[in-house]
Amino acid sequence: MGMTTTAGPATPVTTDPTATATRAGAVGGPGLPQRRHLVTELPGPRSRELSARRDAAVARGVTSTLPVFVAAAGGGVLVDVDGNALIDLGSGIAVTTVGNSAPRVVDNVIAQVQAFTHTCFMITPYEGYVAVCEQLARLTPGDHAKRSALFNSGAEAVENAVKIARIHTHRQAVVVFEHAYHGRTNLTMALTAKNHPYKNGFGPFAPEIYRVPPSYPFRDGLTGPEAAARAVALIESQIGAANVAAVLIEPIQGEGGFVVPAPGFLPALADWSRASGAVFVADEVQTGFARTGAMFACEHEGVVPDLVATAKGIAGGLPLSAVTGRAEIMESAHPGGLGGTYGGNPLACAAALGAIETIERDGLVDRARAIGERVLPRLRAVATRVPAVGDVRGRGAMLAVEIVDPATGRPDAAATGRVARRCHEQGVVVLTCGTDGNVLRLLPPLAIGDDLLDEGVTVLLEALEALAR
Ligand SMILES: Cc1ncc(COP(=O)(O)O)c(C=O)c1O
C-alpha cells in the first residue's frame, strides 16, 4: 500500500485527548486504518507545539526517539496529533506485542477499572494477581513447582531476582555480561554495561557486580561452548565459583545490540551455574512473551532458568513485571521481604490476562516466527549489496542490522543514525540500539499485517541502500 501525502494546515494544539484523537480521525485498536499516511512533515505543527510545551515542563534527561505526539495506535500504526499515520516497527520497545489497545486487554481493563482500581495486594489481595502468577507458572520454561512475585517495571523485576538469588544462596556476587542492559535503577545501572547515557555521573553504583564477555558471534567468532568457557574461566579465576549468587543474562541481548549468542552458550552457562550452586537468572524482559518466536527465548535452546524476569510484552502496555522461578528458590525470601505498593496492580493484571489470552488464541508465537521468516531474507539480501551492513541477525520478530564502516569494519553510529532518520522522515518508526549505537532494531507488534510490515521494511531497505551510494 502506498503512502499518501497531502498538505495539512496547522491548527492550535488541544489539551483534550479525546478531541485530538477525533481530529486525527482515529480511535486506537486494530480497527484503526492500517496504512501509512503523511499529511504534514514530521514532526507536524501540533507535535512541534507540544514539543515546545514539553521543553518547558519535562526534564531533558527524558528523551524521545521521534518527537511526534501520539493520539491513537493499533495494529501496526501510530496516529499522531497532526493526523499522520506512521508504521510502528518498535512496539514502544517490545511492549505492545499484542498490538496497541488490543481488544481483550481493553475489555479486561475496562471491567477491572469499573470494579476497583487498587487495594494493594499486600493489604487486601485479589484474584487477578493470583491468576497472573498461575499463568506465569504454566508458561515459563520447566515443569517444576514455581512461585511468582509481581512488580511494576523490568528493572524492578531484575532487582528482585537478584535479592532472591542472594538470600537463597547466602552469597553476594552477581555475574553479568558486556553489552548487558537491565535497567536504570541503582542496582540495575550497576548491572547494565553501557556508560552513556545510562550511568554517566549517576554513581556510586552497587557493589559485587562482575562483568564477563558474552557470546557475540559477529564480533568474537567463537562457538557457544568456546565463549562460555572464556566467561567461566574469568568467573572462576576472578570471583570464585563459591561466591557467585547469580548469573544474570538476557538470552538475546536487547539494548546492547540484539546479540544472539552462538548455540551452546546459554546451556553451558546454565549447566555451570547449577553445578556451582549459583542461581541462573534469565532476563526475558525484552525477549519474553512470544517476541522471538517462542513464548520465552530460553526455549530456543531448551534452557530452563532457575528464575525468569519478565515485563514489557506481559501486559499489552500496562506496567507489570514479574519474577518467576523454582519454588524452593522463590520461597527463600521471608514473608514481607518482597513487594511494593503497586506491584501487580489490578489493572495491569487484568491487562496481562487479556494479553496472554491474545497471544495464545491468536497464535502470536507462530506469527512472530513468520515475521522473522518474512523479513530476515530481505535484510540478508540487502547485506549482499550494502557493505555497511555488517551483520543481520535476530529471532522471530526481534531483528537487527549492525552497521559498520566498510573500510575499517568498526561500528558506525553516524550511518546508523542516518538510516533511522530517513525511516522516521518517511513515517516508519525504527529504533537503534547497541553499546556502540550502531544497530538498527525491529520489534514490530505481532498484530501488524503483512502489507504494512513489508512496506515498513521496504522503507528501511531503501534507507540502507542509500548508505552504498
Ligand atoms: C532486558 C531488559 N531488562 C530490563 C529492562 C528494564 O525494564 P524497564 O525499562 O521496564 O525498567 C529492559 C528495558 O529495556 C530490558 O530490555
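1. The protein chain of this predicted model has 15 helices and 17 strands, where helices (H or I, at least four residues) and strands (E, at least two) are DSSP runs numbered from the N terminus. Residues are numbered from 1 along each chain as its sequence is written, and side-chain values use heavy atoms, with hydrogens and water left out. Because the model is predicted, local features need pLDDT of at least 70 and side-chain atom pairs count only at pLDDT 80 or more, while totals for chains, interfaces and linings use all residues.

2. The C-alpha trace spans about 65 × 60 × 45 Å along its principal axes.

3. Around the ligand stand S153, G154, A155, Y181, H182, G183, E250, E255, D283, V285, Q286 and K312, a residue being near if one of its heavy atoms lies within 4 Å. This shell divides into three nonpolar, five polar and four charged residues, with Ala, Val, Leu, Ile, Met, Phe, Trp, Tyr, Cys and Pro counted as nonpolar, Asp, Glu, Lys and Arg as charged, and the others, Gly among them, as polar.

4. A polar backbone atom of A155 lies 2.8 Å from an oxygen atom of the ligand, and an N or O atom in the side chain of Q286 is 2.8 Å from a ligand oxygen atom. Of the 390 Å² of accessible area that the ligand has on its own, the protein covers 83%, by the Shrake-Rupley method with a 1.4 Å probe.

5. Two cis peptide bonds deserve a check: the bond from H196 to P197 has omega near 10°, and the bond joining G203 and P204 has omega of about 5°. P197 is placed in the loop between α7 (186-191) and β8 (209-212), and P204 also lies in the loop between α7 and β8.

6. H179, in the loop between β7 (173-177) and α7, has a positive phi near 75° although H179 is not a glycine. As background, most residues other than glycine have a negative phi, and most peptide bonds are trans.

Notes
A polar contact is a pair of N or O atoms within 3.5 Å; within protein, one must be able to donate a hydrogen and the other to accept it, and residues adjacent in sequence count only if both atoms are side-chain atoms.
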